[in-house]
Amino acid sequence: MSGPGIPEVSGLRSRLVVWLFHHFFFLRRGMTLGVRAACFDRDGRIFMVRHTYVPGWYLPGGGVERHETALGALEKELREEGNLVMTGPPELFHVYYNRGASKRDHVLFYRVEVEQTEPRKPDREIAESGFFDLASLPKDVTSATLRRIREVTGQEPPSDMW
């Protein structure tokens, strides 16, 4: 669901936005590093987000900024994208090379147990979010997200490529 006044971006425009972000960060940082997490609640449901600027459902995460630790970035992204707090230490599941983003991008992928402090309201970045049973994920989950879920749940071995 997208709320009133929350624009959805798709197609060529969304690819342009993503391209601009990655090139901006490439110029600022050289190598880019991101964090993403499979966040499970106490009922075993997984948390996912749907952004306003790219199509599909994703696991929460984002870039690691200068002077920020990977765990600090993970904690910040979970809070910002889902009002999530970790209830235990995050487990680093795998490190991926994300050549789809750039030739220098890597993603640290964590498995995390979380609680949501309050439901995340839609805004200009997040159109929709929520916890989902693994047997009934939302439509339009991205292929990379489905691969990560199959890997973290032991249905297939991890790949080195995002």
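**Aromatic pairs, and one threonine**

Okay, let's start with an arginine: Arg148 has its charged end over the ring of Trp162, 4.7 Å from the ring centre. Keep in mind that this is a predicted model.

Now, what else is Trp162 doing? Trp162 belongs to one aromatic cluster, together with Phe93, Tyr96 and Phe109.

Let's back up to the aromatics in general. How many aromatic pairs does a search of the whole structure find? Six. I'll walk you through two of those.

Pair one is Phe47 with Phe131, edge-to-face, with 5.1 Å from centre to centre and 65° between the planes. In the chain, these two are distant: Phe47 sits in strand β2, residues 46-51, and Phe131 in strand β8, residues 126-132, which puts them 84 residues apart. Are they buried or exposed? Phe47 and Phe131 are both buried.

Pair two brings back our tryptophan. Why do we call Tyr96 and Trp162 edge-to-face? Well, the ring centres are 5.1 Å apart and the planes meet at 85°, and over 60 is what counts as edge-to-face. Tyr96 is in strand β6, residues 91-97, while Trp162 is in the segment after α3 (143-152), so this pair ties together parts 66 residues apart in sequence. Tyr96 is buried, and Trp162 is buried too.

You'll find Thr32 in strand β1, residues 32-40. Its relative accessible area is 5%, so Thr32 is buried, the cut-off being under 20%. And which side chain does Thr32 touch? The Thr32 side chain makes a polar contact of 2.4 Å with the side chain of Asp105.

That's my tour, thanks.

Conventions
Residues numbered from 1 in each chain as written. Predicted model: local features only at pLDDT ≥ 70, side-chain atom pairs only at ≥ 80, totals over all residues. Heavy atoms only, no water. Phe/Tyr/Trp six-rings, centres within 6.5 Å; stacked < 30°, edge-to-face > 60°. Helix = DSSP H or I, 4+ residues; strand = E, 2+ residues; numbered from the N terminus. Buried < 20%, exposed > 50% of the residue type's maximum accessible area, 1.4 Å probe, protein only. Lys NZ or Arg CZ within 6 Å of the ring centre and 35° of its normal. Polar contact = N/O pair within 3.5 Å; in protein donor to acceptor, adjacent residues only side chain to side chain.
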